[in-house]
Protein chains: 2
Amino acid sequence: MSSSINDSIKHDSREGFQWTEGDGLKQGLPSSSVIQPETNTQPNNNVYDTIIIGAGYTGLTAARDLTTSGLDVLLLEARDRIGGRTWTSTIDGHQYEIGGQYVHWGQPNLWRELSRYSMQQDIDACFDPARGLNVSTVFTKDGLITMTKAENGAILDSAFQKFINIDGDFGKSIMPLPYNPTLVPDAVHLDKLTLKDRIDQIQQDLEPLERTLLEGMLLSLTGGQLETTGFFGVVGLWALCAYSSDCLGRAVAAFKLRHGQSDFAQRFFQEALDAQKLSYFFNCPVASVKDRGSQVEVTAKNGLHFQAKKVICTVPLNVLSNIVFDPPVQELSDDVLASINSNQSTKLHVITPSDALSSWDGLTYPYNRLVHASGEGTTSSGAAHIVCFGASYNHIDPEDNIEETLAAVKMFHQDIDVKSMVFHDWSQDEYSKGGWCSYAATASTKYLGKLRASRGNVTLASSDWALGWRGFIDGAIEEGTRAAYAVKTELAMEAKA
Amino acid sequence: MSSSINDSIKHDSREGFQWTEGDGLKQGLPSSSVIQPETNTQPNNNVYDTIIIGAGYTGLTAARDLTTSGLDVLLLEARDRIGGRTWTSTIDGHQYEIGGQYVHWGQPNLWRELSRYSMQQDIDACFDPARGLNVSTVFTKDGLITMTKAENGAILDSAFQKFINIDGDFGKSIMPLPYNPTLVPDAVHLDKLTLKDRIDQIQQDLEPLERTLLEGMLLSLTGGQLETTGFFGVVGLWALCAYSSDCLGRAVAAFKLRHGQSDFAQRFFQEALDAQKLSYFFNCPVASVKDRGSQVEVTAKNGLHFQAKKVICTVPLNVLSNIVFDPPVQELSDDVLASINSNQSTKLHVITPSDALSSWDGLTYPYNRLVHASGEGTTSSGAAHIVCFGASYNHIDPEDNIEETLAAVKMFHQDIDVKSMVFHDWSQDEYSKGGWCSYAATASTKYLGKLRASRGNVTLASSDWALGWRGFIDGAIEEGTRAAYAVKTELAMEAKA
């Protein structure tokens, strides 16, 4: 079992918001993910082996793998911190996972890294079921219902199985190999279906409460909306989760890292630094990437120019169009790029005095601006920590609508007394413009191959087009690993030639 | 999708047996895993950064990770080939997985490597259910029963759930985190239970056929025997497999590598070679490992001496006592080491003319010397390929008992007409002395921590004491990864000091 590597070093990121009863809204959150000073080098004329754009898990994994293989890497990050869409803020000794959070041993790339850093036992259940209410409440068209979590789970499982069972085999026939989603030719046309299309097909078989729970779960799972988000991606996730809603629940929302995601991300960064082959600039967004054949020129928005043999660009799908690529990323116009990820979700941490809600969960749908909330344990002073999710559907930007946000939180449970909220607005963040990736219908068939294609000296790598756990931390590490291996292999071949 | 990297290079290993109707028994099998010439260096006085003993997946992973990090590695292997307890023989264009075979995306270390080598889509179901009988037969005390696979699966699932459900929560309460098996203090005493102890507890609840299927499945799953093999290890595997027998079946016996395990193993070896930091001797069993504090001396049975700063010893549990360690591996006497792994299993490939059995499976228990058989598709000429498993229970060494082996195979199904058999006897192999690791009752509580402990400059690493998929290929890669990272970190710290 390992301990946190950097508890003592913490700076304020300019990102994120905290709202408290006393002080109202303040921008910026403390985090060990902030890197100061922002660079360890000077503007220079080096030709790096590789420039990596973006210091999320994809970029960190690639940077670590390449530097430890002896290659010179320049890492350029627009933010003031590592982690991309995954970072931890620790406030008054309590951890808030601002973005990606959940971990599971069924996520192979993530788990391999946790294992390599001897962190396999540094994970905890998100809450203690022996403390607090440990029940589910659903506030819907028909009013408020309270039930046990087992009852809630059984209804949701029944509904989810009907939803998935388009092949009469609970997804096993259409998706026998989740890493080969187009293996079954007859299944490919299913990528046309939106979540709503599929719900319409089975609406006669769904009890009203089943439908409410199913729709709410799908919205919080995908961060999308029923009319655009694709059915096929949910089948893929279901297949990765052993065709089981019990497994899916454990895999995507049950366990977290004891020392936080930023501690984990620091290990990649530190290992890359220890290899003494890593240069970096934070606060350094990239303007353009020009592949000249013999090398690639990268120009930052601050005017600095850099050169490398290879570039790995890890910026998310929704902001790929922030960068001018030359030659252009063919067939992926700005309009296309903007159409793929249907996720505009909201994640909001709430602290409320009583610990009763520390193990409770709630759904408010379809009338609320937030869809799902769950107790995630207590602070050291015994207050309940609740995590709320909203979706593209009925989307809210909390910092612009504090009163409405407070009302939305309150709608989950009358006993919630919001003392503080911690969040980041991923939709209004110019370096993400949305949440984790949930493909719109038809998008994976049309664009996944193009996003994954080789492009001369430039490799695009992101969880947003991972083959397996797309949109998850696991997918980011999958892609960073793939990109680093591809670049290493290409450089070795070119050195031989 | 990648293609096989070394189809054309194939030599005969001295290991393994083939029996054919025409030619009888012949020792030795062709395999791309054989390395010729057997060394790429000379006896020398180098002080290597690390000597790795054993070129199975553990040793190959460690060798690759260390050499690509720029460290000088000497790899010593007793056999004439890479892969350890996992290797592929290709005979007349048809692949036989002689040892470890099955792969699944829920095995994180394995899958990360398949992913890194872009092999995620190079896996196939073991057989085509649309071809052949696709039924199950059970030959037991009460005679022969034929049923659909769904019927068989339902009975087995019912029995397995009763078997696991010692906590009233189907294992989820006693093993919420399979990588932290002793997390629940009340559960630890369960490590005392043998498979038989647990079956005795539930015997009133088991229908006779349930019990037969359960016992047969447990024997083929563990390769052990009911009276010695531990219950707790099966709970751990169940937890890794999403607490689901459907998932377990898919994870441990459904999918294989299209180009064979030896092709996969070659990728690790080749990447290590490409780093130009790898020296090796095959056919070079090790006699002793002496840790002198400042360095370690390794003496081979052929009298050669080697020196290194660190040693990673990856030989299996059952043959650790082949090597004299100085200082000795404390508290792990030869008797203790011999008591841990209860697996003395037999794996046997059979070719029979008709393709009818290519999708069939069969159980013969308790009277047969082999327990389980399953069709694994067809050869290019349309013959069925059947894989049979025996266990410690009623163990058979096929090469010493060909007639009895043929009779045992025939007992599975009257239509089997054995044209050829391909196998290796892992029990009589002096470098394995048994099958994949299945802990005897009490062994994991008593010895797992000791096997995983740090020992000066010597790291013991093997799937046999992996934290997760113990006994699987995944566990081997887990351990090779762990050992390489530990050694790399230690060497870096010592270089600083």
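**Cavities and a pocket in the predicted model**

Three cavities of 30 Å³ or more are present in the structure, which is a predicted model. Rolling a probe the size of a water molecule over the atoms shows where such empty space is left.

The largest cavity holds about 270 Å³ of space. Its lining consists of 22 residues, and those closest to the centre are Asp65(A), Thr68(A), Asp65(B), Thr68(B) and Arg112(B). Helices H1 (57-68), H2 (108-116) and H12 (473-496) of chain A each give at least two residues to this lining, as do helices H1 (57-68), H2 (108-116) and H12 (473-496) of chain B. By residue class, the lining of the largest cavity contains twelve charged, five polar and five nonpolar residues.

For the second largest cavity, the volume is about 220 Å³. It is lined by 24 residues, with Leu240(A), Cys247(A), Leu240(B), Ala242(B) and Cys247(B) nearest its centre. At least two lining residues come from each of helix H6 (231-240) and helix H7 (245-253) of chain A, and from each of helix H6 (231-240) and helix H7 (245-253) of chain B. The lining of the second largest cavity comprises 18 nonpolar, four polar and two charged residues.

Of its 48 lining residues, Tyr485(A), Ala486(A), Lys488(A), Thr489(A) and Glu490(A) lie nearest the centre. H12(A) provides the largest share of this lining, 15 residues. Strand E21 (458-460) of chain A and H1, H2 and helix H8 (261-274) of chain B also supply at least two residues each. The lining of this pocket divides into 16 nonpolar, 16 polar and 16 charged residues.

Key
Residues are numbered from 1 along each chain as its sequence is written. Chains are lettered from A and ligands numbered from 1 in the order in which they are written. This is a predicted model: local features need pLDDT of at least 70, side-chain atom pairs count only at pLDDT 80 or more; totals for chains, interfaces and linings use all residues. Side-chain values use heavy atoms; hydrogens and water are left out. On a 1 Å grid over the protein atoms alone, a cavity is a set of points where a 1.4 Å probe fits but cannot get out, and a pocket is an open set with protein on both sides within 12 Å along at least five of seven lines; lining residues have an atom within 4 Å of a point. Grid points are joined across faces, edges and corners, and a volume is the space filled by probe spheres set on the points. Helices (H or I, at least four residues) and strands (E, at least two) are DSSP runs, numbered from the N terminus. Ala, Val, Leu, Ile, Met, Phe, Trp, Tyr, Cys and Pro count as nonpolar, Asp, Glu, Lys and Arg as charged, and the others, Gly among them, as polar.
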